[in-house]
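Good morning, and thank you for making time for this item.

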Amino acid sequence: MTQTRDGRPGACPLIRIVALKQEFKNEDLETFASAADLEEKKVSFDRLSEHAYAYTAEGDPNTGIIIGDDAVMVLDTQATPVMAQDVIRRIREVTDKPIKYVVLSHYHAVRVLGASAYMAEGGEQIIASQDAYDMIVERGQFDKDSEIGRFPRLFQNVESVPPGLTWPTMTFVGNMTIWLGKLEVQLLQVGRGHTKGDIVAWIPSEKVLFSGDLVEFDATPYAGDAYFKDWPQTLDNIAALNPEKLVPGRGAALQTAEQVQAGLKGTRDFIHDVYESVSTGAAAGKDLRQVYQETFAKLQPKYGHWVIFNHCMPFDVTRAYDEATQYPDPRIWTAERDRQMWQALEG
């Protein structure tokens, strides 16, 4: 039986105790392109507007911060509580207001496992879409195990992650508005893309948007749980808000309308190019390995300089091939499926 924070009907469970297992041994990690990525990244903490800040690290996962009149909202947590402490330290350099809300733009372990650090600071709610919550129910532990194995550098001090999974304490469907004093923050489901549970955070008075991994900038979108057919329209829905500044999931904060358009276009082009190449190959009866090799060769000249291109491409092409053939919804990635896929495409 699960326990809820306030006992309300439909309230979400805060924690389910599930043992943290690391399925990957050192020799397994060597098969992943990301296992060789050990270089520490330079962190930037940029003020975008009166209330909005961006914590970025040269293509590593970003965190957004909104400082309202009476409280702070954090958007995506970093991968471990120890890593989240650096975000908290920088917040405390500019405000002593309580960190009241933690928003999960979607569910992937690298985005959510640092949540406990903010709750220890007095956080009151962890907010996500109901679709993201459903993903945790369906595949949360599998995702946690596989992600920690894929990219060890992004999970510094993984032993600081509490046992079990990170659960939202509040969910919503469609749109939700949070007031930080007089500052309005809209949480919006603008469509499926990176996952089925994606949300963005929008400050309408300042035209600042936090996109999560729906938008990347000079960084390769991870699309292993994506909806390729939906993603371009979702990006159009973001563009329709006319954001003037945008914090992407990875890459530098976009601080002009022109940069925002470049970020949207780059992400849209990549998703289009991957799916066009893969679906064409699948329709011609080519197998996954052949389609992967052709798609990698076709996209590498244009996107190969982007962060984690080599790491993401096998996952992205596999998901695109699934969607183009027989799996409209993403299959669950497990540690074993990760290894089998990587061996099949890169072995």
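The chain contains 10 helices and 12 strands. What you see is a predicted model. The average pLDDT of the chain is 90, and 89% of the residues score at least 70. Residues 1-30 call for caution: the pLDDT over this stretch is below 50, although in the model it has 62 contacts beyond near neighbours in sequence.

The chain has 347 residues, of which 56% count as buried. It exposes about 14100 Å², with carbon and sulfur atoms supplying 49% of that area. If we take the contacts between residues at least 6 apart in sequence, 71% of them join residues at least 24 apart.

Seven strands form an open sheet with mixed pairing, and their order is 1-2-3-4-5-6-7. Which strands stand at the edges? They are strand 1, residues 44-47, and strand 7, residues 170-172; each has a single partner strand, so one side of each is left without a neighbour in the sheet. From one strand to the next, the twist averages 20 degrees.

Within this sheet, strand 2 (residues 52-57) and strand 3 (residues 60-67) are paired antiparallel over five bridges. Y53 stands opposite I65 of strand 3. Helix 5, residues 130-150, packs on the sheet and touches strand 6 (125-129) and strand 7; the direction of helix 5 makes about 95 degrees with that of strand 6.

We now move to the interior. As a general background, nonpolar side chains in soluble globular proteins tend to be buried together. In this model the largest nonpolar core has 79 residues, and those that touch the most other members are I65, Y118, F155, F228, I238 and F270. Which element gives the largest share of this core? Helix 7 does, with eight residues. There is also a second, separate core of 24 residues, which includes A71, M73, L183 and F210.

Helix 7 spans residues 257-283 and holds K265. K265 is partly exposed, its relative accessible area being 48%. The C-alpha atoms of K265 and P232 are 9.6 Å apart, while the two residues are 33 apart in sequence.

Strand 9 (residues 183-188) and strand 10 run antiparallel and are joined by three bridges. L188 has V200 of strand 10 as its bridge partner. Strand 10 also pairs antiparallel with strand 11 (residues 208-212), again over three bridges, and here I203 has V208 as its bridge partner.

Are the faces of strand 10 covered or uncovered? Both are covered: V200 and W202 on one side, and A201 and I203 on the other, are all buried.

I close with the backbone. Most residues other than glycine have a negative phi. Where do we find positive values here? One is at K207, with a phi near 55 degrees, in the hairpin of strand 10 and strand 11, which has four residues between the strands. Another is E58, which is not a glycine and has a positive phi of about 50 degrees. E58 lies in the loop between strand 2 and strand 3 and is partly exposed, at 47% relative accessibility. Q78 also has a positive phi, near 80 degrees. Its place is the loop between strand 4 (72-75) and helix 2 (81-92), and Q78 is buried, with a relative accessible area of 8%.

D96 is exposed, with a relative accessible area of 71%. Its C-alpha atom is separated by 9.9 Å from that of I67, 29 residues away along the chain.

Thank you for your attention.

Technical notes. Residues numbered from 1 in each chain as written. Heavy atoms only, no water. Helix = DSSP H or I, 4+ residues; strand = E, 2+ residues; numbered from the N terminus. Buried < 20%, exposed > 50% of the residue type's maximum accessible area, 1.4 Å probe, protein only. Contact = heavy atoms within 4.5 Å. Areas by Shrake-Rupley, 256 points an atom, 1.4 Å probe, with all protein chains shown as cover. Pairing = 2+ DSSP bridges. Axes fitted to C-alpha atoms, helices over the stretch in contact; angles between N-to-C directions. pLDDT = per-residue confidence, 0-100. Core = buried A, V, L, I, M, F, W, Y, C linked by side-chain atoms within 4.5 Å.
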